[in-house]
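Let's go through this structure together, one question at a time. Each answer sets a value beside the rule that gives the feature its name.

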Amino acid sequence: MDARMFGLETPLMAALQHLLDVPDGDAGAGGDKAGAAGSGPTRTYVRDARAMAATPADVKELPGAYSFVVDMPGLGTGDIKVQVEDERVLVISGERRREEREDAKYLRMERRMGKFMRKFVLPDNADMDKISAVCKDGVLTVTVEKLPPPEPKKPKTIEVKIA
């Protein structure tokens, strides 16, 4: 059951949830490592769904391109991945890890840690060879250029011969 349903979305509850998580290779409630079909979604699937739900994005259509804007505060370029899967799916992902120090203990943990991910199916007029990504001040902007519109087909004139 989801903790947010009961208003328990606190840093303490998030930390407890993190401690209870099963490693990625394991299946859901049944614990069957083979991933039996009836055992429900795997932890990896659930984590990916959470990462997607917790990563807001703005998508803009410009005259010559599509722009995807995602907040990635505190992440460096090594922590962010921009990929194209299955020829038309743009995947933006990253992971923020908690800074661990031996001489410090957390009194409050409110900043979101963990995976960030969004997937976007690109339209047919997206130029897959012209994709750029820039991260400035914690805001990632991925620009996908549009292909030029196809030339309109000219009518073919057929000469009529008199028989």
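Q: What makes a stretch of chain a helix or a strand here, and what pattern does the chain follow?
A: Helices (H or I, at least four residues) and strands (E, at least two) are DSSP runs, numbered from the N terminus. By that rule the chain has two helices and seven strands, and along the sequence they follow the pattern α-α-β-β-β-β-β-β-β. Before going on, please note that this is a predicted model, in which local features need pLDDT of at least 70 and side-chain atom pairs count only at pLDDT 80 or more, while totals for chains, interfaces and linings use all residues. Residues are numbered from 1 along each chain as its sequence is written, and side-chain values use heavy atoms, with hydrogens and water left out.

Q: How do you know that strand 1 and strand 2 pair?
A: Two strands pair if DSSP finds at least two bridges between them. Strand 1 and strand 2 are joined by five bridges and run antiparallel, so they meet the rule.

Q: What makes strand 7 a partner of both strand 2 and strand 6?
A: Count the bridges on each side. Strand 2 and strand 7 pair in the antiparallel sense over seven bridges, with Val-70 facing Leu-140 as its bridge partner in strand 7. Seven bridges also join strand 6 to strand 7, again antiparallel. Among the partners there, Cys-135 goes with Leu-140 and Ala-126 with Lys-146. Strand 6 and strand 7 form a hairpin with two residues between the strands, where Asp-137 takes a positive phi near 55 degrees.

Q: Why are strand 1 and strand 6 called edge strands?
A: The open sheet of four strands has the order 1-2-7-6, with antiparallel pairing. Strand 1 (57–61) and strand 6 (126–136) each pair on one side only, and that makes them the edge strands. Neighbouring strands of this sheet are turned by 15 degrees against each other on average, direction ignored (axes are lines fitted to C-alpha atoms, for helices over the stretch in contact, and angles run from 0 to 180 degrees between N-to-C directions).

Q: Why is Asp-71 called partly exposed?
A: Buried means under 20% relative accessible area, exposed over 50%, and partly exposed in between (1.4 Å probe, protein chains only). Asp-71 has a relative accessible area of 45%, so it is partly exposed. Its place is in strand 2. Leaving aside neighbours within four places in sequence, Asp-71 is in contact (heavy atoms within 4.5 Å) with Pro-56, Gly-138 and Val-139. The C-alpha atoms of Asp-71 and Gly-138 are separated by 6.1 Å, although the two residues are 67 apart along the chain.

Q: What makes the pair of Phe-68 and Phe-120 tilted?
A: Rings of Phe, Tyr and Trp (its six-membered ring) pair if their centres lie within 6.5 Å; planes under 30 degrees apart count as stacked, over 60 as edge-to-face and the rest as tilted. The structure holds one aromatic pair. Phe-68 and Phe-120 lie 4.8 Å apart centre to centre, with 45 degrees between the planes, and are therefore a tilted pair. The pair links distant parts of the chain, with Phe-68 in strand 2 and Phe-120 in strand 5, 52 residues apart. Both Phe-68 and Phe-120 are buried.

Q: What makes a group of residues a nonpolar core, and which members touch the most others?
A: A nonpolar core is a set of buried Ala, Val, Leu, Ile, Met, Phe, Trp, Tyr and Cys residues joined through side-chain atoms within 4.5 Å. The largest one has 15 residues, of which Phe-68, Met-72, Leu-90, Ile-92 and Val-142 touch the most other members. Strand 2 (65–71), strand 4 (89–96), strand 5 (114–121) and strand 7 (139–146) each supply at least two residues of this core. In soluble globular proteins, nonpolar side chains tend to be buried together.

Q: Which residues form the covered face of strand 7?
A: The covered face holds Leu-140, Val-142, Val-144 and Lys-146, while Val-139, Thr-141, Thr-143 and Glu-145 form the uncovered one. Beyond four places in sequence, the contacts of Val-142 include Phe-68, Leu-90 and Ile-92.
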